[in-house]
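Here are some notes for a colleague who is opening this entry for the first time. Please keep the sequence and the model side by side while reading.

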Amino acid sequence: MEQPEQRAEGAGPFTTRLTWRPPGGGTAVWESRPARRQGVIAVRAPGAAAHHPTSADAVAVRRLRLLNAVAATAFVIGGALFALGAGVAQFGSGDATTCASIYFAGGLFFNTGGFVSLLQVVNAPRHVPGGEGRLVTLPWRWWSYEPTRIDWLSLFVLFVGTLVFGVNLLDSFLQGLSVQQVNRLIWVPDVIGCALFLISGHLGFSEICHGHRPCLRCRSLGWWIVAVNQFGSVLFMVSAIAAYTRPATDSLVNADIANWGTLLGAACFSVGGVLQLFERP
């Protein structure tokens, strides 16, 4: 039997957009982010002039709305708490334990947002390449291992990054550490977490741009969400580098940059969370 014509696009080994002719005629276009975030696939009926979004079933739509709301809210609150902690540190309105407590609370919300975002990928409706232009809802799952999917890999790396930040935040409560111990137990996990956030953001851009080359899509809400969060990740990395404790002086490279980088980076994640509330089915 002749196979339906298909055209795959993506970044490296990852397919982010697939176009094919369904058996009944017309054209179906599946894109990774709209499918997993909004539960839609674009279909052009035979003889029609344009593609129209076709939504997944009611079960999938309810799942995506709930998971999106929980993840977005968690990032809004987590970002706000991180910004508050940085503000307390910068303006001297609290001691080190107070700052660490605020950061730790924010980290728990980041953990929640990262895991729920991964759940949204795991439970997103799936397409059937070469089949009819519709999305299929699978049974609920708490976990899957799908490293060949760029969306799964991006959100898995993000979630791992939030867990690594958790190590950094827990170690911040330790007292009486030497400079070497501070850098090894607090600074190194901070840098690793920031690097994982940056990798996740790069994969997110590759998903939207259907390739490794950067693109500008001002009319795409998803693009803005990824861009704002990636800018926040850059600021987090700048903050982490500035927070290195120099053994010779027992002081940070630049405390002001460390605090302001964290504050502004966290604000970006809060803004990204607000925008995410509107990227729903």
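What percentage of the 281 residues in the protein chain do buried residues make up?

1. Buried residues make up 48% of the 281 residues, where buried means under 20% relative accessible area with a 1.4 Å probe, protein chains only. This is a predicted model, in which local features need pLDDT of at least 70, side-chain atom pairs count only at pLDDT 80 or more, and totals for chains, interfaces and linings use all residues. Residues are numbered from 1 along each chain as its sequence is written, and side-chain values use heavy atoms, with hydrogens and water left out.

2. The protein chain has seven helices and nine strands, taken as DSSP runs (helices H or I, at least four residues; strands E, at least two) and numbered from the N terminus. Its C-alpha trace spans about 75 × 30 × 30 Å along the principal axes.

3. Helix H4 (residues 150–171) packs with helix H5 (residues 179–209) at an angle of about 165°, the axes being 8 Å apart; these axes are lines fitted to C-alpha atoms over the stretch in contact, and angles run from 0 to 180 degrees between N-to-C directions. The two helices are therefore roughly antiparallel to each other, a term for angles over 145 degrees. By class, the contact of H4 with H5 has 17 nonpolar, eight polar and four charged residues.

4. Thr 19 lies in strand E2 (residues 14–20), and it counts as buried because its relative accessibility is 11%. Leaving aside residues up to four places away in sequence, Thr 19 touches Glu 5, Gln 6, Arg 7, Thr 27, Ala 28 and Val 29, contact meaning heavy atoms within 4.5 Å.

Technical notes. Angles under 35 degrees count as roughly parallel, over 145 as roughly antiparallel, 65 to 115 as roughly perpendicular and the rest as oblique. Ala, Val, Leu, Ile, Met, Phe, Trp, Tyr, Cys and Pro count as nonpolar, Asp, Glu, Lys and Arg as charged, and the others, Gly among them, as polar. Buried means under 20% relative accessible area, exposed over 50%, partly exposed in between (1.4 Å probe, protein chains only).
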